[in-house]
Amino acid sequence: MLMAHLEGFDLNLLPPLAALLEERHVTRAAERSGLSQPAMSRALARLRQLLDDQLLVRAGSGYVLTPQAERIQRQLAGLVPQLETLFAAEVFDPATAEEHYRLAATDYAVLLFLHQVAREVNKLSPHSTLRIESPRDEVFDDVLHGRLDLSFYVAPPPAAFRRELLFEDICVCVMSAHNPLAKRKRLPLDEYVRCSHLVIDIIDGEQPLIANRLRELGVARRAALTVSLNAGAAAALPGTNLVATLNKRLVDRYADDPALAVAAAPVELEPFHYFMFWHPRLDHDPAQQWLRDTIRSVAAATLGGPSDSR
């Protein structure tokens, strides 16, 4: 049967065809296929018409295969198992999988929980690889076009993506213990914008969460120092009047230093949600589902549920 004929061939006839050629008996082939004897007879008649061959010819009390039927049987011996594998539900086994996962995240996520995700992937799927890179300005395009499997964002991503809320956090202001504002419990917005700021370059030279909110309020802050990572930002503060606006979960974990002071951020800088997001085409991919399950589980165990803001 030529490939050109596939369009007119009912692939549902392949199992009856295989049964007929092996059993060489309509009734036994019907029982094996779970069909009635009349249904199997109709299938045989249809196959004879489509293939322009008798396939089974009577010889004494039974049937024998035609030469074409013998050739088809030899080909089906390899084809049917392949088709069963092709259309069977895909089972993902992380222990034997060789996936290459690619994520984008700031070091905020790496320091808080993704380092533990990396341990879990390495332990449970030792033949897989995990690449975590800093998000580019084009991070949404990277996810959209498959250059990334998923990424993270401090606000709901565009509607084209699936999203899941992992946890909540708030911003705090970190400064030298000798900063004139160090005794304040909270910085009001007017004093906050007059400060010299240490800014983390997350996307386009800014911290989008803060920059976008300040723009909504019609104010701006001056970046006296810009660094590329959250890690180590606090180390640049002692001996200066700089103020860094950092996420409280990170400060609580890594900035316990008597040389530093922490004040609440202006009330206008509201608590934020932290999402992971991915393209809908990956919704049902078993390997991607396993990765998201792992991230979800680690984040919950490490940071608490989405409403466990601190």
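In this predicted model, the buried residues of helix α3 are Ala39, Met40, Ala43, Leu44, Leu47 and Leu51. Viewed down the axis of α3, these buried residues fall within an arc of 140 degrees, so they line one face of the helix. On the other side of α3, Arg42 and Gln49 are exposed.

**Helix α3**

- Helix α3 covers residues 37-51, which makes 15 residues.

**The open sheet**

- Strands of a sheet pair through backbone hydrogen bonds, and this pairing is either parallel or antiparallel.
- Five strands form an open sheet, in the order β4-β3-β5-β12-β6, with mixed pairing.
- The edges of this sheet are β4 (129-133) and β6 (162-169), each of which pairs on one side only.
- On average, neighbouring strands of the sheet are turned by 20 degrees against each other, direction ignored.
- Within the sheet, strand β3 (residues 100-104) pairs with strand β5 (residues 150-153) in the parallel sense, over two bridges.
- Alanine 104 stands opposite serine 151 in β5.
- Helix α5 (residues 107-124) lies across β3, β4, β5, β6 and β12 (272-278).
- The direction of α5 is at about 120 degrees to β6.

**Serine 176**

- Serine 176 is located in strand β7 (residues 171-176).
- The relative accessible area of serine 176 is 1%, and a residue counts as buried under 20%, so serine 176 is buried.
- Leaving aside residues up to four places away in sequence, serine 176 touches Ala182, Leu237, Pro238, Gly239, Thr240, Leu242, Ala259, Leu260 and Ala261.

- A search of the whole structure finds zero disulfides.
- Cysteine 171 is in no disulfide, and its nearest cysteine sulfur, that of cysteine 173, is 8.1 Å away.
- Cysteine 173 is likewise in no disulfide; the nearest cysteine sulfur to it belongs to cysteine 195, at 7.4 Å.
- Cysteine 171 is buried, with a relative accessible area of 6%.
- Cysteine 173 also counts as buried, at 0% relative accessibility.

Terms used:
Residues numbered from 1 in each chain as written. Predicted model: local features only at pLDDT ≥ 70, side-chain atom pairs only at ≥ 80, totals over all residues. Heavy atoms only, no water. Pairing = 2+ DSSP bridges. Helix = DSSP H or I, 4+ residues; strand = E, 2+ residues; numbered from the N terminus. Axes fitted to C-alpha atoms, helices over the stretch in contact; angles between N-to-C directions. Contact = heavy atoms within 4.5 Å. Disulfide = S-S within 2.5 Å. Buried < 20%, exposed > 50% of the residue type's maximum accessible area, 1.4 Å probe, protein only. Expected span 1.5 Å × (residues − 1). Arc of directions from axis to C-beta.
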